[in-house]
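Work through the exercises below with the sequence and the model in view. Each task is followed by a stepwise solution.

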Amino acid sequence: MKKGLIIVYTGSGKGKTTAALGLALRSLGHNHNVCMVQFIKGSWHYGEMTSANLLKPRFELIAGGRGFVGIIDDNKPVVEHKQIAQQTINICKKKMLSKKYNTIILDEINYAVNINLIKLDDVIDIIKLKPFEQNLVLTGNYARSEIIELADLVTEMKEIKHPFKKGIKAKEGIDF
């Protein structure tokens, strides 16, 4: 058996989830099974929710969050976001240990740690539970040094220029 990798996509620039989805698409092309579990995202409709259905049964998307915490239309108490995030941690462990998937993507998990929805120790436990042959991808800005140390591959997305700074709102098919 070949060792699966621990991959981290982090940084302030755009493209972390997109990179993970690109990796998923490549993996699916080799008849692998992929599960993407999303933290934080979930209350809005975004493109990958629809396209994930087109890739079934080899690709499973689980929107584990209740939306972005503390922005725009979020009126949920933080405790509710924390409860959902903890439930999502449990889903991650179950999916990993099922060994059904060649690759597990934990989208926005680094950011969930940064805003204290989940504990760093929870993420380290997940990394240590990873079956030997499984790939594990962790996305989100503010990846902690402890996670980076455990990773085999770390890519930092750096923002150089962003349309939001010109007042251009999020674009369908680009941003969501």
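**Exercise 1.** Which residues form a nonpolar patch on the surface, and what accessible area do they have together?

Solution. The model is predicted: local features need pLDDT of at least 70 and side-chain atom pairs pLDDT 80 or more, while totals for chains, interfaces and linings use all residues. Residues are numbered from 1 along each chain as its sequence is written, and side-chain values use heavy atoms, without hydrogens and water.
- Leu25, Leu54 and Leu55 make up the patch, with about 320 Å² of accessible area together.
- Leu55 sits in the loop between α2 (47-54) and β3 (59-63).
- Leu55 counts as partly exposed because its relative accessibility is 32%; partly exposed lies between buried (under 20%) and exposed (over 50%), with a 1.4 Å probe and protein chains only.

**Exercise 2.** State the strand order of the open sheet and find its edge strands.

Solution.
- The 6 strands follow the order β3-β2-β4-β5-β1-β6, with parallel pairing; strands pair if DSSP finds at least two bridges between them.
- β3 and β6 (153-156) are the edge strands, as each pairs on one side only.
- From one strand to the next, the twist averages 10 degrees.
- Strand β2 (residues 34-38) is joined to β3 by 5 bridges, and Met36 stands opposite Leu61 in β3.

**Exercise 3.** Which residues of helix α5 (residues 120-129) are buried?

Solution.
- The buried residues are Leu120, Asp122, Val123, Ile124, Ile126 and Ile127.
- Their packing partners include β1 (6-10), α3 (78-98) and β4 (103-107).

Terms used. Patch = residues over 30% accessible without salt bridge, like charges linked within 9 Å, V, L, I, M, F, W, Y side chains within 5 Å. Areas by Shrake-Rupley, 256 points an atom, 1.4 Å probe, with all protein chains shown as cover. Salt bridge = Lys/Arg side-chain N within 4 Å of Asp/Glu carboxyl O. Helix = DSSP H or I, 4+ residues; strand = E, 2+ residues; numbered from the N terminus. Contact = heavy atoms within 4.5 Å. Axes fitted to C-alpha atoms, helices over the stretch in contact; angles between N-to-C directions.
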